[in-house]
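Dear colleague,

I am passing on the structure below, and my notes on it follow directly after. Please read them with the coordinates open.

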Amino acid sequence: MKIIDVKCAVIASAPVIRITTDEGITGWGQIETPKPYLQPIVLQLKSWIVGQDPRDVERVMKRIRVRGGFKPWGAAVSAIEMALWDIAGKALGVPVYRLLGGKVRDKVRTYRTLYQAELGALHTPEDYVKWAEYGMALEGGFTMFKLPTAFHSAMVRDFPDFHYGEVQHEAPFPYPHKGLMSENGFNHLVDCVVAAKETLGSNYGLALDAGPGFLPHDALRFAKALEPLHLLWIEDMITGDYVPFVNPDLYREVTPYTTTPIHTGEQIYLRQNYKALIETHAVDIVGPDPCDVGGIAELKWIAEYADLHGIAMAPHGTANGIFGLAALIQVGATLPDNLIAFEYPARFEPFWYEITEGFDGMPVKDGLIEVPDRPGMGIEFIPEAAKKYLAEEDADFFD
Ligand SMILES: [Mg+2]
């Protein structure tokens with residue numbers, strides 16, 4: 001079998017990838033929703049993989065891995081990896097999890113990040129109560145939630161003098177703020193988190209996405225202050241989302257000194273860049289995103305290596321779309337017992353269920369997703385239904 005073409009179209013701001021073969025089998029991949037600018041990055045990889053056998057996933061990956069980097073520049077390579085697994089599974093008529101060693105669980109736990117924009121919540125204790133109530137009422141019966149807060153949120157702008165640094169009111173995404181927190185800002189942040197957790201009670205888990213932007217001693221003070229809340233984790237306080245480096249030494253100034261679990265890793269590309277983080281126990285939990293780290297096999301390797309070191313795994317995935325969701329389920333079924341839950345890709349419009357087949361609507365029940373047995377990743381485009389969402393320049397995507 002040979003790859004004969006690689007196409008990339010943008011649907012609702014998400015680049016989707018189509019790899020076709022000389023045997024008529026098609027593989028699908030998807031890049032995070034707000035990254036249409038990666039379309040040309042996918043297309044420039046085409047000449048590197050056409051003519052290769054897609055079932056030799058690692059052999060193909062060795063040709064293109066060098067073309068990736070930390071978030072967002074590993075996404076094209078990663079999404080191609082998922083499309084290759086999709087083809088490899090379909091060629092044998094088996095789900096991808098079988099090719100990764102088989103499943104160790106029939107249902108995979110997923111957690112839901114709650115966004116400020118979903119209910120117009122502000123960063124006050126009263127709004128954090130509403131946020132928690134909103135999460136508990138969501139379809140899917142999620143049992144774990146994550147709140148963007150502190151430097152990972154508008155709290156920096158909304159709360160006066162949150163930190164000792166300039167506030168960039170018109171700042172572009174991502175997070176431009178960093179610095180020592182004021183005493184009032186710190187106390188306000190703690191009050192907000194306490195309000196959310198007291199509303200959720202002990203039957204629901206709460207994680208925080210809080211940075212980057214903390215100085216290490218503030219990160220430690222924050223993690224220690226929240227110890228009685230039994231949080232799932234605090235994420236990316238020092239480095240993380242869109243930061244093109246890791247700095248494990250700074251995390252080591254925090255993690256050993258608090259019982260609140262410390263989490264990072266969504267921006268990291270490739271297993272090598274987890275090495276120091278894992279080997280030196282710089283964090284308690286790692287959170288690679290299969291759509292940024294280099295693919296699902298890369299993520300599985302990191303999960304196994306983390307497990308050897310007593311480090312837990314909670315993969316990132318909020319914007320990975322419906323094809324990314326399918327990939328998270330397949331790899332999630334195979335991960336060792338250090339898996340906590342993967343982040344549910346909540347950020348896609350319902351119409352994706354109408355232009356694809358595989359999911360019978362929103363698949364989460366009691367916070368879990370049943371692992372499907374369909375071949376490949378288990379999800380297919382319905383070209384007749386999807387065509388109307390293509391831009392004019394992508395009109396031949398399904399041809
Ligand atoms: Mg995050």
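Two strands are said to pair if DSSP finds at least two bridges between them, and strands themselves (E, at least two residues), like helices (H or I, at least four residues), are DSSP runs numbered from the N terminus. This is a predicted model, in which local features need pLDDT of at least 70 and side-chain atom pairs count only at pLDDT 80 or more, while totals for chains, interfaces and linings use all residues. Residues are numbered from 1 along each chain as its sequence is written, and side-chain values use heavy atoms, with hydrogens and water left out.

Strand 4 (residues 107-113) runs parallel to strand 5 and is joined to it by two bridges, with R112 having F145 as its bridge partner in strand 5. Strand 5 also pairs with strand 6 in the parallel sense, over five bridges, and here the partner of F145 is L206. Because five of the five residues of strand 5 (residues 144-148) are buried (under 20% relative accessible area, with a 1.4 Å probe and protein chains only), this strand is largely enclosed by the rest of the structure. In a regular strand the side chains alternate between the two faces of the sheet; in strand 5, M144, K146 and P148 on one side and F145 and L147 on the other are all buried.

The magnesium ion is coordinated by D209 (OD), E235 (OE) and E266 (OE) at 2.0 to 2.3 Å, where donors are N, O and S atoms within 2.8 Å of the metal (3.2 Å for Na, K and Ca), and the site may look incomplete since water is not among the atoms. D209 in strand 6 (residues 205-209) and E235 in strand 7 (residues 233-235) are 26 residues apart, a pair that links distant parts of the chain. Both D209 and E235 are buried.

A separate open sheet has three strands in the order 1-2-3, with antiparallel pairing. Strand 1 (3-11) and strand 3 stand at its edges with a single partner strand each, so one side of each is left without a neighbour in the sheet.

Finally, E32 lies in the loop between strand 3 (26-30) and helix 1 (39-44), and E32 is buried, with a relative accessible area of 3%. Its side chain makes a polar contact (a pair of N or O atoms within 3.5 Å, one able to donate a hydrogen and the other to accept it, where residues adjacent in sequence count only if both atoms are side-chain atoms) with the side chain of K35, at 2.4 Å.

With best regards

Terms used:
Buried means under 20% relative accessible area, exposed over 50%, partly exposed in between (1.4 Å probe, protein chains only).
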